[in-house]
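Below are some notes on the model you sent.

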Amino acid sequence: MALNLRQKQTECIIRMLNLNQPVNSTSTANEEVYKILIFDRFCQNILSPLIHVKDLRKHGVTLYFLIDKDRKPVHDVPAVYFVQPSKINIDRIVADASRFLYDSFYLNFSSSIPRPLLEDLASGTLNSDSVQRIAKVHDQYLEFVTLEDNLFSLAQKSIYVQLNDPSAGDREIEEIIERIVSGLFSVLATLAVVPVIRCQRGGPAEMVASALDQRLRDHLLSKNNLFAEGGGFASSFQRPILCLFDRNFELSVGIQHDFRYRPLVHDILGLKLNRLSVQGEKGGMKSYELDSSDSFWVANGSLEFPEVAVEIETQLNKYKKDVDEVNRRTGGTDGAEFDGTNLIGNTKHLMNAVNSLPELTERKQIIDKHTNIATVLLGEIKERSLDSYAKKENDMMARGGIDRNELLSVLKGKGTKTDKLRFAVIYLISSESINQSEVEAVEAALRESEVDTSAFQYVKKIKSLNVSFSSANSASRSNIVDWAEKLYGQSISAVTAGVKNLLSSDRQLALTRTVEALMEGKPNPEIDTFLAFDPRAPKSSSGTSGSHLKGPFKEAIVFMIGGGNYVEYGSLQELAMNQQTVKHIIYGSTEILTGAEFVEQLSLLGQKMGLGNVAPPPPPGP
């Protein structure tokens with residue numbers, strides 16, 4: 001039974017809409033109950049990739065509202081609330097109950113509601129004499145957004161900045177770690193698995209691993225154990241492995257331009273919650289959904305853009321051929337468009353033609369959608385030379401550098417300010433050592449294009465600290481690391497680690513290679529330093545280097561702290577597919593970021609460290 005996060009989370013939501021009664025296919029008693037759904041923005045984002053408005057009706061939901069909107073009373077109808085457990089939401093629920101807005105209140109919190117808030121809810125409803133209207137209170141453990149079967153996000157913004165902010169105190173760091181642990185706990189509770197946890201030593205990954213291990217241990221001792229059906233003696237072969245990484249493990253992937261369809265659509269067109277808007281062919285904006293119901297997206301998301309264009313053409317020709325075939329068999333004309341008006345001919349052919357109509361129409365809609373998206377993408381690629389950015393960044397990472405003239409010609413050529421900044425940062429990360437005069441030339445070129453160089457300065461600062469690490473001998477190295485971490489937040493020593501061998505001949509990401517090694521469980525120098533935690537094992541063995549936690553593992557959950565992207569997701573899915581025995585890998589992160597959004601976070605850090613821009617302010621204008 002593969003772990004299907006999307007399916008599991010959807011089942012939980014349907015059960016919640018069904019007033020937390022198990023849904024079985026035969027009885028529709030509770031689905032006949034008409035109800036109102038109230039959610040906050042965060043929970044709306046959880047619902048939107050999973051369940052469409054038409055599906056809500058199927059589960060008896062006739063009206064739905066945001067909690068912070070003014071609402072009129074609807075009598076004799078139960079209301080299902082799905083909200084984060086926050087003070088502001090609790091106050092709003094108490095106000096709704098005291099105004100007797102609905103007949104009964106089914107309260108569902110996206111994560112476990114803290115004791116003080118539960119007490120506020122109790123006293124608030126008692127004081128307003130509305131406590132009898134509260135039918136049920138549930139902790140749903142659904143505080144994450146599932147975008148595809150194997151892709152999720154905790155939707156926690158700017159974690160990279162918060163963890164690396166030089167001014168962040170221990171207390172703030174602990175709160176961030178606690179939020180991440182709570183989100184991961186929700187994912188594991190939804191899947192009902194207790195994994196073996198592996199993580200990088202030091203920095204946020206170890207902090208999250210250790211806190212999550214403790215949280216799972218405490219929970220396994222409680223009476224209402226969400227993982228009870230897992231059984232205590234499941235061998236490591238049946239259990240999944242959870243691999244935790246910090247964005248600094250492989251900084252470049254968050255910044256690089258990529259030329260594959262899924263990452264391009266996300267990076268260039270801003271795919272959010274599986275939706276995007278692009279300029280339509282006839283002018284005006286068109287909105288599209290890209291999810292598992294779109295067969296073309298599923299099949300071709302990992303192809304390079306030119307291959308996708310060819311595939312669209314192929315599908316279109318196949319569609320025209322099938323339409324001609326239907327027309328021919330039903331005695332119609334050979335028109336490329338199929339409008340169903342000229343269906344004359346023998347009844348059997350007619351029936352077949354009528355049956356194939358919906359399928360043909362749907363195919364045409366998908367082809368039109370991707371033609372539109374690809375056309376807009378092609379415009380951007382040409383305008384900004386994105387193919388050249390992707391190729392040159394790849395070459396830099398593979399070769400550890402670039403010819404100076406080529407470097408400067410890219411920075412003076414096509415592309416947005418952010419494209420140039422991303423390219424310059426990749427140049428820094430890929431270079432083995434910093435060439436002072438070359439770096440100054442890059443900075444001058446960036447300033448000429450009026451690019452804010454804060455992100456560039458930030459990576460340069462970290463890089464210079466790292467270069468001094470690698471040249472210092474190991475004894476003094478730890479002192480420098482301590483000093484640098486105090487000065488510059490978390491785990492900076494990892495930023496350029498693994499750059500040299502980052503893209504081996506088969507062009508695998510360091511992340512993918514490491515996950516493969518962790519799943520294989522054979523001795524391997526790349527993962528010897530990784531810590532292991534097993535929440536089901538006696539406490540003393542946790543945090544060891546994991547000799548007793550041998551694989552191989554068939555299933556993995558890979559989690560990136562500080563922002564993930566579609567490039568890593570695609571690379572891990574490829575790894576899962578290309579194994580002799582089928583592996584299953586779920587990828588998640590604190591948030592899914594485009595290259596531009598991630599560089600924005602690096603810029604913020606640069607500004608916080610006072611590494612501002614030396615460029616003149618851009619002239620006022622549109």
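1. Asp 213 and Arg 217 sit four residues apart in helix H8 (residues 203-221), so about one helical turn separates them. Their side chains meet in a salt bridge, 3.0 Å from N to O. This is a predicted model. Asp 213 is buried at 0% relative accessibility, and Arg 217 is buried too, at 11%.

2. The pair Asp 55 and Lys 58 lies in helix H3 (residues 53-58), three residues apart. Here the salt bridge spans 3.8 Å, N to O. Lys 58 is exposed, since its relative accessible area of 55% is over 50%.

3. Asp 419 and Arg 384 form a salt bridge with the closest N and O atoms 2.8 Å apart. Asp 419 has a relative accessible area of 1% and Arg 384 one of 12%; both values are under 20%, so both residues count as buried.

4. The structure holds 25 salt bridges.

5. An open, mixed sheet has seven strands in the order S6-S7-S14-S13-S9-S8-S12. Strands S6 (145-148) and S12 (531-533) are at the edges, each with a single partner, so one side of each lacks a neighbour in the sheet. Neighbouring strands are turned by 20° against each other on average, direction ignored.

6. Strands S13 (residues 555-561) and S14 (residues 584-589) run parallel and are joined by six bridges. Phe 559 has Gly 588 in S14 as its bridge partner. Helix H20 (residues 566-577) packs on the sheet, touching S6, S7, S13 and S14.

Conventions: Residues numbered from 1 in each chain as written. Predicted model: local features only at pLDDT ≥ 70, side-chain atom pairs only at ≥ 80, totals over all residues. Heavy atoms only, no water. Pairing = 2+ DSSP bridges. Helix = DSSP H or I, 4+ residues; strand = E, 2+ residues; numbered from the N terminus. Axes fitted to C-alpha atoms, helices over the stretch in contact; angles between N-to-C directions. Contact = heavy atoms within 4.5 Å. Salt bridge = Lys/Arg side-chain N within 4 Å of Asp/Glu carboxyl O. Buried < 20%, exposed > 50% of the residue type's maximum accessible area, 1.4 Å probe, protein only.
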